[in-house]
Each structure stands twice: as structure tokens, then as C-alpha cells.
Amino acid sequence: MVDIDHQAELVKAGAHISGRWDKLWFYARRYPLGAIGAVIMVVFVFSAVFADLIAPHDPLQTKASASLLAPNSDFVMGADMMGRDMFSRIIHGSRISLTVGVASILLGGIIGVIVGLMSGYLMGWFDLLMQRIIDIMQALPLLVLALVMAASLGPSLENTVIAISIPLVPNVARVVRSSTLSLREMPFVEAARAAGMSEIRVAVRHVLPNILAPLIVLFTAQLGAAILIEASLSFLGLGVPEPHPSWGRMLSESAAEYVRVAPWLVIFPGLAISLAVFGTNLFGDALRDILDPRQRN
Amino acid sequence: MSTYLVKRFLLMLLTLIGISIIIFVLLRLMPGNIADIMFDSAGFVDPAEKAQIEKELGLDQPIPVQYFDWIKGLLVWDLGFSYVSEMPAIDELGPRIPITAKLAALALGFSILFGLPLGVISAVKQDTALDYIMRIVSLSGLSLPSFWLALLILMFFVANFGSIPIYMDPPENLWDELVLYSIPAAAVGFRSSALIMRLTRSSMLEVMRQDYIRTARSKGASENSINYRHALKNAVLPVTTIIGIEAAFLIGGLIITETVFNIPGVAHFLVEAILMRDYPIVQSLVMLIAIVTVVINFLVDLLYAVLDPRIKYAE
Amino acid sequence: MKRKIFTIASAASLVGLMFCAEAALAQKSGGVLKAYHRGTPPSGSIHEEATNSTLTPYMGVFNNLIMYRQDVARDSLETIIPDLAESWSWSDDLTKLTFKLRSGVKWHDGKAFSSKDVKCTWDLLQGKSKAKLRKNPRKAWYKNLDKVTTNGDGEATFHLKRPQPAFLALLASGYSPVYPCHVSPKKMRTNPVGTGPFKFVSLKQNEHVKFTKNPNYWKKDRPYLDGVEWTIIKSRATRVLAFIAGKFDMTFNVDVTVPLLKDVKSQAPHAVCELVTTNVSTNLIVNQFKPPFDNADVRKAMVLAIDRKAFIDILSEGQNLQGGAMMPPPSGVWGMPPDFLKTVAGYNPDIAGNRAAARKIMEGLGYGPDNRLKVKVSTRNIAVYRDPAVILIDHLKEIYMDAELDTVETSNWHAKVARKDYMVGLNLTGIGVDDPDANFYENYSCGSQRNYTGYCKPEMEELFAKQSMMTDQAARKKLVWEIDKKLQEDAARPMISHGKAAQCWQPHVKGFVTHVNSLYNNWRMEDVWMDK
């Protein structure tokens with residue numbers, strides 16, 4: 001139902017839409033910023049998936065002679081204090097960022113969808129309770145909640161994911177709940193219920209598919225936020241621990257010690273974080289315009 | 001309206017109680033406590049002496065007992081003692097709150113000053129090159145990690161001026177204070193200004209498409225007067241919300257900015273207190289942040305009611 | 001009869017002696033010295049802490065009975081001078097040490113100092129008094145102390161269980177101030193009261209710790225400074241930049257690392273910087289009670305795999321030193337000399353050969369390229385610990401060991417170590433006094449709280465006691481080398497390197513001497529002045 005708008009536009013544009021690639025090209029021209037974002041994201045995902053093939057060095061290999069080496073032809077982004085190749089660490093860092101980002105979106109998203117669906121569907125005391133819990137979680141800034149959670153769970157990759165995903169739940173739950181509330185009164189849902197479908201099946205088969213579009217928009221927007229929070233937590237020493245090459249961690253402590261002696265230790269990881277989040281945000285904006293026409297500008 | 005107010009107020013209380021429980025439990029789940037931290041500086045841990053310290057601080061009590069002791073204290077404005085300095089928590093927090101408040105106010109002022117007008121211009125010039133540039137700048141504001149921005153600013157200052165704009169001594173006069181805080185405030189306000197700009201832009205665009213604007217336009221009102229008088233007036237409403245929420249959420253950005261610029265505010269202190277497992281400080285601070293957030297949300301709602309008479313609070 | 005080893009009649013003649021070198025310079029009084037601090041001191045009570053975060057700023061609040069000369073860089077038994085004690089003497093059997101105390105000395109709160117305070121302090125340290133310390137990190141120093149007795153207000157005697165000539169070295173450390181009887185341990189943590197040249201003013205977490213001149217200090221016309229103020233800045237990059245920018249007169253206690261020193265020298269060429277051995281060693285704590293390191297062969301293989309030079313090159317651009325438990329010469333008094341060191345297993349510079357031998361050991365145990373031993377290297381989640389741990393993991397790869405890094409939060413580290421919940425840990429050890437008694441009893445002796453690995457061997461205890469009782473310091477040194485060699489070969493706490501870092505100050509700061517074999521003895525600050 002969301003795509004109709006664009007199909008009409010495609011026809012109006014008189015384009016000979018024959019295949020997927022043409023369609024993609026159409027969207028890219030219509031949303032140039034989104035296309036740039038998509039390209040950045042593809043590069044980002046590509047380097048995460050093929051990190052082992054792209055990285056010229058082992059990101060954990062220390063080398064005395066390369067300690068704090070400035071960028072050169074062998075170490076294109078220089079080396080850190082331990083003589084580890086920055087470029088390889090940045091490439092492998094994309095894997096950490098993407099893993100933490102996607103995993104926390106998925107975890108937070110799944111919990112949020114379940115809570116939101118149940119809330120909007122069951123209503124009553126469950127809904128009331130969930131609404132209060134969401135109020136509570138929203139009364140604290142995202143970073144503060146993530147900070148306290150990360151500290152109480154202890155630093156590890158898994159715990160960082162949990163610490164980031166939980167504060168993301170309320171937004172998802174809210175969106176799902178309000179959509180569910182309006183959808184459950186729709187004739188086709190009532191019909192399904194009248195036909196004897198169980199409540200859970202109704203929710204999963206009829207309600208969920210109809211809220212997929214706003215959810216995808218929300219998830220993309222949150223991906224950038226999740227990556228930023230991971231970097232911030234790691235910067236404060238509460239996120240992903242060594243030896244995982246996390247971008248935030250690279251920027252903190254040891255890198256910050258050598259701000260003047262080796263500025264490349266500060267510039268490249270920061271650039272990597274910014275670019276990844278920037279790409280995600282650009283892409284997310286375009287996706288919102290495409291999938292959620294009500295919000296289109 | 002008054003029943004709404006009462007209901008809203010009670011919900012606020014409920015939220016705060018919930019937060020107090022959650023923060024209390026989360027803190028006690030943290031690995032290690034203050035006794036461990038204290039022994040760290042002695043280079044060993046002695047189980048008997050550690051138990052003694054825990055007893056002294058009441059950490060050996062069951063968690064519900066500790067919780068109610070804390071709440072009892074809160075009700076009579078007794079926040080307990082900092083485990084680290086052994087000073088009353090209120091004395092530790094008191095002087096730090098104004099510093100963060102000033103910084104946040106400055107950052108908020110900065111973000112409104114830039115975000116609002118740029119958002120309006122961006123909306124009016126929709127889909128022009130100017131609009132694209134501003135959208136890219138605002139998106140980059142949301143993408144740059146604030147700690148990186150802060151580090152870059154420090155690096156820039158050292159490279160060009162040979163000095164660093166960090167906090168060393170309390171500023172002596174208002175001007176010094178302004179100078180001292182303006183750089184970190186700009187570093188943290190950049191993100192908020194980007195957010196405000198984006199929201200202003202989209203609200204403006206939405207309002208500009210609405211019927212009464214079309215009517216005004218058909219009546220022959222000039223474009224400028226339409227844009228600035230009618231559209232802006234109505235777009236201000238959702239923007240108010242985001243400004244309100246941002247005010248409270250600035251604390252998140254300040255946590256890192258204060259750390260990098262060595263500013264002795266509460267946000268920096270929160271991180272330190274968490275690392276030191278200084279429960280009374282962390283608890284008080286998180287409650288303070290929650291109260292500020294909740295109250296601002298409440299005020300924003302009220303403001304909504306005043307600004308937009310269409311909204312009725314009859315329920 | 002009492003045998004007098006060292007007596008000096010009055011402080012005045014001593015002060016004259018100390019400053020004859022600088023006689024040409026007229027010291028100027030006045031000015032507040034501004035320095036930076038790396039983090040909030042955990043408390044103001046020196047006896048309860050084992051960190052220079054507390055010792056460095058607070059040492060000037062107190063006096064000891066005796067102390068190391070502040071103007072001589074290398075601390076040894078010969079550089080000990082009177083402080084609150086005017087003189088001291090040993091009994092013939094070297095078990096009674098009597099101090100004649102200075103009269104007319106007042107605590108900062110106006111109460112008079114007497115022998116009771118001396119007794120109180122060491123009763124407190126031995127856990128004999130009613131007031132209790134929360135923490136007592138140097139309990140092991142006083143293992144041999146039986147009791148302290150007083151004779152009137154002006155004399156105190158330390159009764160030792162057996163002769164221990166180096167007991168003086170312990171008392172002279174900055175870690176051994178005299179506390180007032182009438183102030184509780186709790187108050188000493190927050191508002192310490194001493195007899196020293198500076199009074200404590202205020203401590204604000206993450207902001208500053210301030211001290212002001214004690215106008216009634218018993219040493220006439222000391223201190224020169226009106227006060228000392230420490231600004232707390234946690235980021236090393238930031239604080240070193242602030243020093244370069246001229247915002248501070250002095251850095252924190254040897255805070256400038258080797259890579260940063262280059263930057264300071266090029267950016268602030270006028271600054272005075274001294275690179276010294278810190279007496280902080282990077283070492284391994286090996287859990288000998290649990291597999292796989294309960295097997296002596298595996299321990300040996302690990303020790304052989306370590307390329308100390310690589311560590312030193314990376315961590316300090318080649319500046320750090322190799323050595324055993326005791327700080328290596330020339331700065332250290334007791335460390336094994338280079339030729340002797342080469343004879344210790346694992347210190348052979350032929351790394352390839354060592355590693356081949358290590359692989360042979362591992363192969364003998366059934367490990368190989370396809371059957372690698374999985375180990376865990378635990379360390380604190382702080383760069384100075386983590387960085388060497390990462391290098392260690394890299395080296396272990398060479399001998400079929402796949403190590404995983406286990407970073408532990410500060411709040412959990414000592415508890416984890418105490419539980420022996422680790423295989424191998426990367427650890428840093430700071431030694432307060434460059435004397436075997438302090439080091440061996442604190443770190444390698446049975447039952448000491450800071451002997452993390454629980455290393456405990458009766459034959460070693462005997463050797464510790466034997467060297468401790470020796471009066472002939474040259475003979476003692478030979479024995480200490482042998483003990484040190486045994487400790488290394490036992491892998492009690494395999495040493496990786498001894499650290500070096502720099503102390504820097506602006507040229508207008510005068511009268512400060514960096515000590516080359518301890519960070520903990522030269523912060524009285526009473527002789528420091530500013531030529532401004």
C-alpha cells in the first residue's frame with residue numbers, strides 16, 4: 001500500500017520500468033542524498049563482511065618498529081602505539097560497529113515489537129503497566145540509561161549490545177502500539193477474528209505486516225544512533241573492550257594520549273564513525289520519504 | 001484541565017518512583033562496589049576489612065532496606081554521603097549543578113539561535129542548492145560524535161593558538177565564564193541545533209501546505225508574510241516540544257563534552273561516580289536528571305495547551 | 001651500651017649543609033606552586049593508600065621520624081637524615097632503635113607533638129590501637145616490629161624481633177609519616193593533620209587539591225612557597241598540553257611518558273625535564289595453582305617466549321630497563337648488574353633461540369601448530385596494563401599458545417586476583433623504597449596481602465631474613481642478587497620491564513630534585529622555591 005504512490009509517479013515519469021535496476025536508478029535520481037547514503041552503507045557493510053580480505057595487516061599484530069608511525073605507503077593510516085596498522089583496525093572496526101549496531105536494533109526491535117503488539121492488542125492492565133515502564137525509560141536520556149546499564153553489566157561485546165538495545169525499546173513499542181491500536185479496529189482484522197483466527201495469529205498475520213514500513217524507517221534511524229552510542233560508551237571505557245578494534249575505543253585513552261604526537265590516531269577512527277553514521281542517516285531520510293509518504297516533505 | 005493536571009502529576013510521581021527503583025537495583029548489580037574501589041588504591045583486598053567497610057556504609061543490609069533508607073532520606077532532603085569524599089552528597093553536587101546548567105543553557109541558546117532560522121530558510125528554499133547544503137550540514141551534526149568534535153576543537157586550538165580552552169580555575173567574571181563555556185557549548189550544541197533545524201524545516205513544510213496558508217496566499221498576502229507570519233507561528237509548536245526534550249537530553253552530550261574539556265560539572269561527575277561506584281552520588285544525580293526531564297516534559301505539555309487552544313484536556 | 005650510628009645535634013647545621021651548593025642563589029619566598037594531578041586522590045591518609053596519587057600531594061603535610069635527603073637523587077641508607085627525630089641509635093644487638101625527638105613541634109591544629117604520637121602511629125599500623133585503619137597496605141613492612149615504647153615525651157624506641165638494619169629505610173620513606181594521636185583515622189582521610197610544612201586546605205573531586213604554607217613550621221624560614229595547588233586533569237594529553245601552554249609550574253609525579261616527552265621538549269624547550277626510572281615494573285602474575293600454569297614446564301615456556309626488548313621498544317621507545325625484582329642499576333642500588341642478569345633463564349638476548357627452546361618444551365607436552373594451548377591473559381582495563389598485555393598475547397602466539405585478553409574493571413581486579421581467578425595476569429608493581437626488605441616482604445613473602453600469586457617458599461623466607469639481618473651492605477647486595485635470580489627462575493612474578501618516565505617543571509622552579517630510584521620519597525616540597 002505504501003508503494004502505490006511511487007508506482008504512479010513512475011508511470012507518470014514515463015520511464016520504461018522493466019526491471020529492478022531501472023527502479024533503483026529511478027529512486028537514486030529522485031533521492032540523490034539517499035543514494036549517497038546507500039553507497040556509504042554498502043561500502044561500510046562490504047568492509048565489515050570482507051574485513052579479512054581487505055585489511056592488509058592483522059589488526060592485532062603488534063610491531064615495535066611501527067610504533068606511532070605516521071601514514072605511509074605500507075600503513076596508509078599510520079600505526080598506533082603498539083605498531084598495529086590503523087587502516088586494518090578501522091576496517092575490522094566496521095565489523096564491530098555494524099555487529100553491535102544491527103544486533104542492538106534487532107534485539108531492541110524484537111522486544112519493542114512484542115511489547116507494542118501486546119500492548120496495543122491486549123490493552124487493559126498489561127498496556128497500562130507497559131506504558132508506565134516506557135515512561136520511566138524515556139525519562140532518562142538514552143546515553144545515561146545506556147551508561148548505567150553498560151556499567152552494571154560489565155564491558156563485553158554482548159553486554160554492550162544489551163545496554164544499547166534496551167533504551168531503544170520504548171520508541172519501537174510506541175510506534176507499534178499506536179499502529180496496532182488503529183489497525184485492530186479495521187474491518188479486515190475484525191473479519192479475520194470473526195473467522196476464528198486466534199488473537200496471536202491475527203496480530204502476526206494481519207497487524208504486523210501493515211506496520212512494517214514505519215518500523216523499517218525507525219530501525220534505520222536508530223542504527224545511526226546505536227553506532228554513536230557504542231562509540232560513546234567505548235570512548236568512556238564502558239563499551240566494547242580490547243582487543244576488539246572498536247572505533248570509539250581507538251579514539252579514547254591511548255589515542256587521546258597521543259593527540260599531538262600522532263593525530264592520525266584521532267582523525268581516522270572519528271572519520272570512520274562520522275561517515276558510517278552520516279551514511280545511515282542519509283539513507284534513513286530517503287527511506288522515510290519513500291516508505292512513509294505521510295511524512296514526506 | 002485541573003483533573004488532567006492532577007492525573008499528569010500523579011503519573012509523574014509514578015515515573016520517578018519507577019526510576020528510583022531501577023537505578024537503585026542497576027547500581028547494585030554492578031560488578032564490584034566502593035569497598036573494592038577503596039582497596040584498589042591500597043593494592044590488595046582484605047575480605048575482613050572489606051566487610052567492615054560494607055557494614056559501615058550499610059551495604060550489608062538487604063537491598064529493600066537500603067532502598068527505603070535512601071527514600072526516607074530523600075524525603076527530608078538528605079542525599080547521604082559521598083562514599084569517595086565522605087562529604088555530604090548535597091555539598092558535592094551543589095556547586096557542580098550551576099556549571100552544567102550554565103553550559104546547557106548556553107548550548108541550548110546556541111542551538112536555537114542557529115537551528116531555528118536555518119530551518120525556516122531551508123524550508124522556504126526547499127529543494128534549492130541552499131536547502132541541500134543545509135540538510136547535509138544538519139545531518140552531519142547528527143552524525144559527528146560529540147567527543148570527536150571536542151577533540152578536534154582542542155587539536156585545532158593547540159595547533160593554531162598554542163593553548164587549550166579547558167577548565168582550570170573557576171572563572172572570575174561573567175565574561176571569562178562566557179568565553180570558557182562557549183567552546184564546549186558550541187561543541188555540544190551543534191548536534192541540538194541540527195535537530196532543531198531539521199524539525200523546524202519539516203514542521204514549516206507541513207504547515208505551508210495546509211489550507212489556511214493556501215487561503216492566505218490566494219488572498220494575495222506576500223510570500224514573506226505568509227512564510228514568516230503564518231507558517232512560522234504554527235510551526236513553533238512542535239519545535240517547542242523538541243526544544244524542551246533537548247534541554248533535558250543535552251545532559252547526554254554534556255557527559256562527554258565535560259569529560260574532554262575537563263569541566264567540573266555534574267555530567268562529568270556522573271561518569272566518575274559510576275566508575276567509583278559512589279552510589280549516593282549516582283542515585284541523586286540520576287534522580288535529578290529524571291526530575292528535570294519529567295518536569296520539562298510536563299511544562300512542554302502545558303505550553304502546548306496554552307499555545308494551541310485547539311488542544312483540550314477534557315479527559 | 002648503645003652503639004651510635006648516626007647523630008646530628010641540630011637541624012640548623014644540617015640545613016646549612018644541605019644548601020651549601022646553592023648558597024650563591026638567594027632563595028626567594030612566596031608564590032603558590034601550581035601543578036597538575038592525574039586524578040582525584042583516593043584519600044588524604046598516606047598510611048591507608050599505596051598510590052602516589054595520595055602520597056605526592058600529601059607528603060608535605062607530614063613529617064617522618066627520619067627521611068631521605070630531598071636534595072640527593074639516589075636514596076640509600078647513607079642519605080637518611082633526621083626529621084622529627086633529632087637523632088637515633090641502635091642497641092648493640094641491633095634489635096632496639098631509639099629516637100630522640102624534637103621538642104616544641106606543634107600539629108597543624110596547635111596541639112603539641114610528643115612520643116605518644118609516634119607510638120600511636122605504629123600501634124595503628126600494627127592493628128593494636130582502638131582506632132582502626134580501614135586499609136593497611138604496608139602491614140608487611142612491620143612484620144619484624146614487636147612494639148614501640150616511649151620514655152617521656154621526647155624518646156621513642158622501636159623493638160624489633162630480630163636485627164634489621166634496613167628498618168631505617170622503611171621509616172625514611174614518604175610512606176611512613178607520623179600521625180597525630182588525637183585525630184581519628186576517618187578525619188585523616190578527609191582533613192589530614194600533620195606537623196609538616198604545608199597545611200591541607202581543600203579537596204574537590206575532579207577539580208583540585210590545595211595546600212597552604214604552615215606559618216608555624218618548626219623548621220625556621222621553611223617552606224619557601226606560600227602553597228601548592230594541584231589541578232586534577234584526567235586526560236594525560238590534555239594535562240601535558242596545559243603544561244606545554246605554561247599553565248602549570250610542574251607536572252604530576254613523573255607523569256610524562258617517553259613518547260610525550262619528545263613533544264614537551266620540542267614544544268616547550270625551556271622546560272626542565274628529567275627522565276628517571278620509576279621503580280614501577282611491568283610483570284606477570286602467574287597462577288601456579290591452576291592448569292595450565294601449575295605445570296612448571298608451561299611456565300618456563302611462557303617465560304622463554306617473552307621478548308623483553310620488543311616490549312621496551314614499543315612501550316617506551318627503548319628507554320625502559322630489563323631487570324629482576326629489584327630496580328636495575330645504575331639508578332637502582334640492589335638490582336642485578338647486566339652481566340649477572342644474562343645468566344638468568346629467559347634473559348638471554350637470543351630470542352629466536354629462546355623461543356625454539358620454548359616450542360620444544362610445548363611440543364614435548366603434546367602441543368603444536370595444530371594443537372594450540374588456549375590461555376587467558378587477564379589485566380585491568382587501563383591502557384598501561386592493557387597495552388603490554390596485547391603485546392604478550394602476540395608473543396605467546398609464537399609458542400603455540402592462543403591467548404585471549406580478559407579485561408577486568410578496576411572495581412573487580414583485586415577481588416579477582418585475591419580469588420586466584422586468573423591464569424596469567426599482567427600487573428604493575430610500584431616499590432616505595434628501593435630496599436630489598438620493602439620489596440621482598442611486601443611482594444614475595446608468605447602471607448603478605450600484596451603477594452598476589454601466593455608465592456611462599458620456606459627456603460626463600462630464610463634467605464629474605466638472612467639478607468635483612470646483614471649489616472655489611474656489600475655482602476648483602478650479593479645475596480640479594482642470588483635471591484632475585486631465584487625469584488625470576490621460579491617465575492614467581494616474571495618481570496617484563498622497569499618503567500621510565502619524566503618529571504618536568506618550568507625553569508623558574510628551583511630546589512626540586514627528582515629521585516632516581518623512588519617516586520615516593522621526594523615530595524616534601526619545603527625546599528622548593530620559585531624564581532619569579
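Author: The buried residues of α7(C) pack against α6, β12 (272-286) and β16 (495-505) of chain C. You're looking at a predicted model, where local features need pLDDT of at least 70 and side-chain atom pairs count only at pLDDT 80 or more, while totals for chains, interfaces and linings use all residues. As for labels, residues are numbered from 1 along each chain as its sequence is written, and chains are lettered from A and ligands numbered from 1 in the order in which they are written. Helices (H or I, at least four residues) and strands (E, at least two) are DSSP runs, numbered from the N terminus.

Which residues of α7(C) are buried? They are C:Leu260, C:Leu261, C:Asp263 and C:Val264. Seen down the axis of α7(C), these buried residues fall within an arc of 165 degrees, so they line one face of the helix. That arc is the one made by the directions from the helix axis to the C-beta atoms. Here "buried" means that 20 or more other C-beta atoms lie within 10 Å of the residue's own; 12 or fewer makes it exposed, anything in between partly exposed, and the C-beta atoms are placed from the backbone. If you want the helix rule behind this, an α-helix has 3.6 residues a turn, so residues three or four places apart point the same way.

Now for the domains. Chain C splits into domain 1 (4-271 + 511-530) and domain 2 (277-500), with bounds that come from an automatic or database domain assignment. The C-alpha centres of domain 1 of chain C and domain 2 of chain C are 30 Å apart. Their contact takes 26 residues from domain 1 of chain C and 27 residues from domain 2 of chain C, where two residues are in contact if their C-beta atoms, placed from the backbone, lie within 7 Å. Our helix shows up here: α4 (167-172) and α7 of chain C each supply at least two residues of the side of domain 1 of chain C that touches domain 2 of chain C. By class, that side of domain 1 of chain C has 16 nonpolar, five polar and five charged residues. For the classes, Ala, Val, Leu, Ile, Met, Phe, Trp, Tyr, Cys and Pro count as nonpolar, Asp, Glu, Lys and Arg as charged, and the others, Gly among them, as polar.

The helix turns up again where chain C meets chain A. That contact takes 21 residues from chain C and 22 residues from chain A. On the side of chain C that touches chain A, the elements giving two or more residues are α6 (236-244), α7 (258-267), α9 (308-316), α12 and β14 of chain C. Which of these gives the most? It's α12(C), with six residues. By class, this side of chain C comes to ten nonpolar, three polar and eight charged residues.

Let's follow α12(C) into its strands. Strand β13 (residues 373-380) and strand β14 (residues 401-408) of chain C run parallel and are joined by eight bridges; two strands pair if DSSP finds at least two bridges between them. From β13(C) the chain crosses through helix α12 (residues 383-396) of chain C to β14(C), in a right-handed β-α-β crossover. Right-handed means that, with the strands pointing away from the viewer, the path from the first strand over the helix to the second runs clockwise. One pair to find on screen is C:Lys376 with its bridge partner C:Glu404 in β14(C). Strand β13(C) also runs parallel to strand β15 (residues 424-430) of chain C, with three bridges between them. There, C:Thr379 stands opposite C:Leu426 in β15(C).

What about the partner, chain A? It has 14 helices and zero strands, and its C-alpha trace spans about 75 × 55 × 30 Å along its principal axes. Of the 297 residues in chain A, 54% are buried. Its domain assignment gives domain 1 (1-30) and domain 2 (34-295).

Chain A touches chain B too, in a contact that takes 39 residues from chain B and 36 residues from chain A. Within the side of chain B that touches chain A, α1(B) has the largest share, ten residues. That side of chain B divides into 31 nonpolar, seven polar and one charged.
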